[in-house]
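These are my notebook entries on a structure I went through piece by piece. I wrote down what I looked up, in the order in which I looked.

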Amino acid sequence: MSENKIPYKIYLSEDEMPRAWYNLRSDMKNKPAPLLNPGTGKPMTAGELEAVFCKELVAQELDGTTAYFEIPQEIRDFYKMYRPSPLVRAYCLEEKLQTPAKIYYKFEGNNTSGSHKLNSAIAQAYYAKKQGLKGVTTETGAGQWGTALSMACGYLGLDCKVFMVKCSYEQKPFRREVMKVYGSSVTPSPSETTAVGRKILAEFPGTSGSLGCAISEAVETAVSTPGYRYVLGSVLNQVMLHQSIIGLESKIALDKYGVKPDIIIGCAGGGSNLGGLIAPFMGEKLRGEADYRFIAVEPASCPSFTRGKYAYDFCDTGMVCPLSKMYTLGSGFMPSADHAGGLRFHGMSSTLSQLYADGYMEAIAVNQTDVFQMAEEFARVEGILPAPESSHAILAAVNEAKKCKETGEAKTILFGLTGTGYFDLVAYEKFHNGEMHSVIPSDEDIAKSLAQLPKVE
């Protein structure tokens, strides 16, 4: 099909929508290392994990061989409210850059939560409801996950307790109010409501919190409250399984017009959107059917891929969760209170960490002020105010398109626009007022945190 017939926005019909999630691990020769019980040092069993997570989600978490999981009809019906999301050809951005590159982005902001997080939230809430639970607990960084889970729980009649990273709780008051609209309770983390929260506050007085802190509090609350389980919005294999809907839709839409991307880019915090976007393309690469260049973009303030260590570590600051082998800055690492709240996690998905260690993808770290500058430029050209997290991917995509202008190569670039920034206006205000700075941790700070990694044989 000729290029001028590719529409500005590509939508799929209901019949073209994926009916199953894709499990990327099924095509990995080197599987992600198993979660370990911190007490015994042995792989976590299904029974042990079911004390914290929903039974069906544990089965998905531990399954490294099943290629496809059928999406239950109830979830597919919910997806129809906001999916398929549009795949956009960024003609205006290409014209502005005067680049021969062809730029596409998958826009996941067309729902009230404002991000891709709803894709997994409805799945996890569905399985909790199916199990007969009263409610769930969770953490949230920037608030997209907490908002998405609140929506899903409100829809299904489940109680939802959210621990929100303190700096985001203060910076994004409207996000927490949306969670309350859907019936959730929202607590700034670390808090005095849990034992682990009180311990963290005593050790780090005045801390602005982290995702690791909030995870600890949410897990403690879940295991101490009958009829509740903990659900997580990123990092875990089950979450990337659900988020594969992003990549599957993208690939179907591109295949429809005979388009093959050369470079695929996503922002990286815990790995949910990046893993979801690249999943079917990475599967082709692993099977030797096609080749792509994958780029993970993380904040320089929390650079787990680019400056972390590939090792077993706790997923939470309170050290109550299983050990995961991942690129990590140490579970005690406290990132600066920057505005890419959803990317402020000390570690990375074990699946993506294994792929990175095996050389299947690249990673770069970018400064906060550069990210916001690019976010504004994108908004002026493409008409969407992007979330700070998404803007990391935009910056990398634009830089790659500029390289194409220099070399004359007409590469095709696909990136994930994970959500909107309309709840992030406090951050934009600080950027406008010159009050935003790019805080980069020192080698000494990272070394100190890494020195506390658990000893695993």
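How do the residues of the lining of the largest pocket divide into nonpolar, polar and charged? I found 7 nonpolar, 7 polar and 5 charged, where Ala, Val, Leu, Ile, Met, Phe, Trp, Tyr, Cys and Pro count as nonpolar, Asp, Glu, Lys and Arg as charged, and the others, Gly among them, as polar. Before going further I noted that this is a predicted model, in which local features need pLDDT of at least 70 and side-chain atom pairs count only at pLDDT 80 or more, while totals for chains, interfaces and linings use all residues. Residues are numbered from 1 along each chain as its sequence is written, and side-chain values use heavy atoms, with hydrogens and water left out.

The largest pocket holds about 470 Å³ of space, a volume being the space filled by probe spheres set on grid points that are joined across faces, edges and corners. A pocket here is an open set of points on a 1 Å grid over the protein atoms alone, where a 1.4 Å probe fits, with protein on both sides within 12 Å along at least five of seven lines, and lining residues have an atom within 4 Å of a point. Of the 19 lining residues, I listed E203, F204, G332, F333 and Q452 as the closest to the centre. I took helices (H or I, at least four residues) and strands (E, at least two) as DSSP runs, numbered from the N terminus.

I next looked up the largest nonpolar core, which has 72 residues, and in which W21, F305, L352 and M361 have the most contacts. Such a core is a set of buried Ala, Val, Leu, Ile, Met, Phe, Trp, Tyr and Cys residues joined through side-chain atoms within 4.5 Å; buried means under 20% relative accessible area, exposed over 50%, and partly exposed in between (1.4 Å probe, protein chains only). Helix α5 (residues 118-130) gives the most to this core, with 8 residues. A second, separate core of 28 residues includes M374, I394, A396 and A397.

For L352 I set aside the neighbours within four places in sequence and found contacts (heavy atoms within 4.5 Å) with M240, G271, L274, G275, I278, F305 and M361. With the same exclusion, A296 is in contact with G266, A268, L274, F305, M361, E362, A363 and I364. A296 is found in strand β11 (residues 293-299), and I recorded A296 as buried because its relative accessible area is 0%.

An open sheet of 7 strands runs in the order β1-β4-β5-β15-β10-β11-β14, with mixed pairing; two strands pair if DSSP finds at least two bridges between them. Because β1 (9-10) and β14 (362-366) each have a single partner strand, they stand at the edges, and one side of each is left without a neighbour in the sheet. Inside this order I checked β10 (residues 263-267) and β15 (residues 412-417), which pair in the parallel sense over 3 bridges, with I264 opposite L414 in β15.

I then turned to β6 (residues 135-140), where 6 of the 6 residues are buried, so this strand is largely enclosed by the rest of the structure. G135, T137 and E139 point one way from β6, and V136, T138 and T140 the other way. β6 pairs with β7 (residues 159-165) in the parallel sense over 6 bridges, and T137 has K161 in β7 as its bridge partner. By contrast in sense, β12 (residues 309-314) and β13 pair antiparallel over 6 bridges, and Y312 has K325 in β13 as its bridge partner. In β13 (residues 323-328), 5 of the 6 residues are buried.

Most residues other than glycine have a negative phi, and most peptide bonds are trans, so I looked for departures. A cis peptide bond joins R83 and P84, with omega about 5 degrees, and P84 is found in the loop between α3 (73-79) and β4 (87-89). Another cis peptide bond joins S189 and P190, also with omega about 5 degrees, and P190 has its place in the loop between β8 (185-189) and α9.

Q98, in the loop between α4 (91-97) and β5 (102-107), has a positive phi of about 55 degrees, and counts as partly exposed at 48% relative accessibility. V235, in the loop between β9 (228-230) and α11 (237-256), has a positive phi near 70 degrees, but counts as buried at 7% relative accessibility.
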